[in-house]
Each structure stands twice: as structure tokens, then as C-alpha cells.
Amino acid sequence: MRKILASAIAISLLSFNSAAELPTEETMQIETLPAEYPKDWIFVHDVSFYALTEGKVVILDLAAKTLNYKGLISASVFGNFIQSEKTHKLYTGESFYARSTRGARTDAITEWDPATLKPVDEIILPGNERAQAVAEKNALQFVDDEKYMLIFKFSPAVKVGIIKTDTKEILNDIDIPGCSLIYPTGKRGFSSLCADGTMVSIQFDEAGQVVSEHKVDAFFDPDSDPLFEKTAVIDGIAYFPSFKGQMQPIDLTGSVAKPMKAWSLVTEAERAQNWRPGGWQVISGDGKSLVYVLMHKDGYNGSHKDSAQELWVFDVHTKKKVKSIPLLNGGISVEVTRSANPLLAIINNEMRVDVYSADTGKFTHSLSIGGPSVVPLVMHAAK
Amino acid sequence: MSKFDKIFEKSARDLARTQSRRSFLSKLGMAVVGVSAIPALPVARASSNPSAGFSNGVLPQENNNPNDPGDPSTCEYWRYCGIDGFLCSCCGGSVTTCPPGTEMSPITWVGTCLNPADNKHYIISYNDCCGTTSCGTCFCNRNENDKPMYRVFSNNDTNWCIGASSQTYNCSTAIILGVSADN
């Protein structure tokens, strides 16, 4: 018996020794990313309602067959996010409290290195008036070829902060009473949507001082059919869907916003079935001719944040629907990548990111950015 | 309450009386977050089963007032027609009170909801409770008459805890301010 056991051990040792031994490994290694991201990558902003200080922006590779999750940056307390197209640096508007959830508040814009995902600089915002609200793309914007960075403030006085991007110098706060958010307009300015169904358009000088301010005549009715504050821009024209399915184009190429003729997203038959836009980021555009709008049937007063059943694709030049894409797991937000074969990212009802081919409308796979408490609401295609 | 806050509250109340719409708070929420844990809206709201309103692990609250019908721990409760956040009723507070350790924001967004018991519209003040981390249970988002951020006093996506001394959002109440002039 002892001999048998000894033989067994010998055999097992032999077989163990015959397997290739794993080499020793280095510790302390950290991944990096390319300084310029592939166009199939996307930023997914988790607003983290269940722990607002833990907001984050996750970087996903939508096209890869594996290792899709590339990394993340923080975006604390109703954060804002934007990526520079010129330098590819990343920026988050954030709020911090001295004792995490309490104590003195500090607002800042954090600058992140896209390759290392480390914070490399910050702009402290005096007054701590950065608007704390559910993530909006138009709360943090660049204007004038990214020379200026604009941030939306609400305290509840409403202002737009003007910052010089390269020097990070805070130039000015421009009051926009009764109006909201930042839609880059003209050479060096912005427009804001206003409570009375108008827009205000402001141009400023290199010192951030207002040089012109125009209130556009009322062009929509916020009571009967409000415009979503979300938009997709194609050739300088911003396309705003309305709650009941109109599309309002606004020409933002000049110094004053010019509302153009609105057109309908729905046919009479579709209107009768109450097909309406809905979700959070309800619209995305390919920057050329197509806009993608999340749509749901049987709309009602209050359904404008409901999940979509279909994604409708419109050619803004012909003003016609070119495709309807059924959404397998619903849709709360949409973004289209800038890649050669564009991909559609849809935040689904389970707060995952569903990926569809923009060309064929076919669902390909679903990606997660975390556990059950994540609340990804806005996505930004890599530039 | 500061003079500023009083002015603000008055204007908010006036707005509600004259314009009859609601608004609300901070985190938007649409969507089911953690499917089984939170019956969130509006996705789950499509389901009209009232019993589906309980957050998993939150027991029903008895309500014997026939004039104020419904369970305030469910998203279907009539006062929540424009709410967006965690229900204080599930968080150690109630529909009119904040949980211990928090502070009620004096700045408020107001809405108008129909009480099915008397078929009257009531002005509802969705004061946030602030100063601790998110309650995390009974997430509820309904958007009747909610407007985008350019109508901020009718917008439930804004953190109204900016009116409190400690601004972290915890939960939301739904307090009756009066009967709407619209009735």
C-alpha cells in the first residue's frame, strides 16, 4: 500500500512538473489608454442617484468582442462632462463637500488626462453656483473652437460662467434670467432656452464681456408642447424635438438664433396612436444628416421621460423617417458613435448599454457599467 | 427662513396657483434601477398594478383616511404625480416630514395633483430633505406637467437642496399647500 501511494505521489509530481510553470509577474502595473480614443468608444455618465458623490463617467469600447470596459473618471454630485475634440482632454464639472456628504462645498471643473485618466488640473468655481441637476450635455460646452468653456449655473439665479480654456482663467458670469442651458451660437457666443418659449442669444468678447444680447421672438409654447432641452446639431442647426412630436430646427450659425420651420416627427396615424419622443437623452445625431429619436406609443401628459419602444431615424434634409428600430429592452437614452460603421448605444430598462448597428438596426450585444445601483443617463460618443 | 426664501416660496406658490403644474427635484430617475429592488418609474409605471408600487422590503403603510386615499410608500399615491426622488415615507420621515438628521429645503418646487377622493386639484410642495446621503429606497419618478429645465420651477430634475444649509439630497416630501384655484 505504501508503495502504491509513493508511486501515485511520484506520478502526480511528475505530471505537475511537466506543466509549464507560470513566470513571475510584475506588480504595480497600471494600464493606460490611447491619447486619442477610437471612434467606437463612448463615455457613459452614471449620475449615481443612490450615492450622488459617486457619480462617474465610464469609458466603453462598443465594438470590441471583449474587454469593453476601458476605465472611468469621477463626476461627483450631479456632475457635468465634456470631451475636447482638439486636445482630447476630458472635463468634469463637480461639487465636493468637505465631509463627503456634508460640510463646506467646493465646485470645480476637473481636467483629466485621456491616456492616464488622472486628474491633471482643476478650475475652482467661486460662489459654488454650478447647477446641480440631472446630467445635461448643454450644461458644459465649448465655444469659439474650444477657446472658451461655458458652464451653467443655478443658485437659483441663472448664469453662464465663461472660462478661457487654455489658461483656465475665469472671465465672467453672464446672467440669463428666466433662461437655461448653453447652446453654442455664432462666432463666440451661446443661446439659452427661456421659460416664455423664446431663446436669448449672447455674443461676448475675448474678456468674456457681453457684446450683444438678443431675445428671439417666442417660437414655441412651453405649456401646450414644450421643446425638450436636448438637441442634436447638424451643420450648425440644432434640432429640438417637442414633447408631442414636432421637430424644431434652430439655426445657431449666426450671432442670433434663428428658429426655422418646424416639422412633424409623426404621421397623422402615428399621432392618433400618441407616438411621442421620450426618455432622458431622447435624441442623438450623426453630424451629417441623420437624427435618432427615442419614441414611445400611447404618450400622455408626463410620459416624456418614459422608456422608448422604438428608435426612429430621420433625415433632417428630407424631413422624413428613414427607419424604425425596435428596441429589445426599451430605451432611455441614445447616442450614435462617430465611427465609419456607426454604432448605436441605448441605455435600456435595466440600465445597461445595448449596442445596435446604426446601419442595419440589428441588436448586437449588451454591456454593463456596474451593479444594480448604477444610473447611466447620458452618453457622449468619443470625438 | 430668510427673507429671500420667503419671497421665493411665495413666488413658487403663486406660480402653482396660477399655472397649475408640478415640478420637482433632483435626480431624475426614470427607469428601473436594479430591476427587482426598485419599482421605479416611468418604466415600471407602465404597469398599472398598484400593488407593484412597494419597494422590495418596504411594508405597506395603513391609511384609514378616506379623504386622502392611498399608501404613501407607493409611487401611485396621488400626491406624487410630479415627484422625482426617494419617498420620505420610506426613509424615516413621512409624506409631510423629513427623516431624523436631515434638513428640509425651504426652496421648493410645487405641483398640482388630483385627489381622487374629492376630485379636487391640490397644490403640492415637494420639499426635499437634505444633508445626508440618498435614502435609497422607494425611488419614484412621475412627470405630470413636469417641464424642462428652462421652466425650472416646474422642473423635477433640479437639486432643490440648494436651499438648505447642507445640500446633499436625501428624500422628498409631498406637502399640501392648499386647494388649487383651478378647481
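Trainee: How do strand E16 and E17 of chain A pair, and over how many bridges?

Mentor: Antiparallel, over three bridges. E16 covers residues 232–234 of chain A. Keep in mind that this is a predicted model.

Trainee: Which residue stands opposite A:Ala232?

Mentor: A:Tyr239, in E17(A).

Trainee: And what about the turn of E16(A) and E17(A)?

Mentor: The two strands form a hairpin with two residues between them. A:Asp235 sits in that turn and has a positive phi of about 50°.

Trainee: Where does E17(A) go next, and how many bridges join it to E18(A)?

Mentor: E17(A) is joined to strand E18, residues 246–251 of chain A, by five bridges. The two run antiparallel. A:Ile237 stands opposite A:Asp251 of E18(A). They also form a hairpin, with four residues between the strands. In that hairpin A:Gly245 has a positive phi near 105°.

Trainee: Is E17(A) covered or exposed?

Mentor: Mostly covered. Four of its five residues, 237–241, are buried.

Trainee: New topic. What is the strand order in the open sheet with E26(A)?

Mentor: E26-E27-E28-E29 in chain A, four strands with antiparallel pairing. The edge strands are E26 (333–336) and E29 (363–367), each pairing on one side only. From one strand to the next, the twist averages 20°.

Trainee: How many bridges for E26(A) and E27(A)?

Mentor: Four, in the antiparallel sense. E27 is residues 343–347 of chain A. The bridge partner of A:Glu335 is A:Ala345 in E27(A).

Trainee: What does A:Leu344 touch?

Mentor: Leaving out residues up to four places away in sequence, A:Leu344 touches A:Tyr292, A:Leu311, A:Val334, A:Val336, A:Tyr356 and A:Ala358.

Trainee: Which residues touch the most other members of the largest nonpolar core?

Mentor: A:Ile42, A:Tyr292, A:Val293, A:Leu311 and A:Leu344. That core has 149 residues. As a general point, nonpolar side chains in soluble globular proteins tend to be buried together.

Trainee: Over to chain B. How many bridges join E3(B) to E4(B)?

Mentor: Six, and the strands run antiparallel. E3 is residues 110–115 and E4 is residues 120–125. B:Cys113 has B:Tyr122 of E4(B) as its bridge partner.

Trainee: What about their turn?

Mentor: E3(B) and E4(B) make a hairpin with four residues between them. In the turn, B:Asn119 has a positive phi of about 60°.

Trainee: And how many bridges join E4(B) to E8(B)?

Mentor: Four, again with antiparallel strands. E8 spans residues 175–179 of chain B. There, B:Ile175 is the bridge partner of B:Ser125.

Technical notes: Residues numbered from 1 in each chain as written. Chains lettered and ligands numbered in written order. Predicted model: local features only at pLDDT ≥ 70, side-chain atom pairs only at ≥ 80, totals over all residues. Pairing = 2+ DSSP bridges. Axes fitted to C-alpha atoms, helices over the stretch in contact; angles between N-to-C directions. Buried ≥ 20, exposed ≤ 12 C-beta atoms within 10 Å, placed from the backbone. Core = buried A, V, L, I, M, F, W, Y, C linked by C-beta atoms within 7 Å. Contact = placed C-beta atoms within 7 Å.
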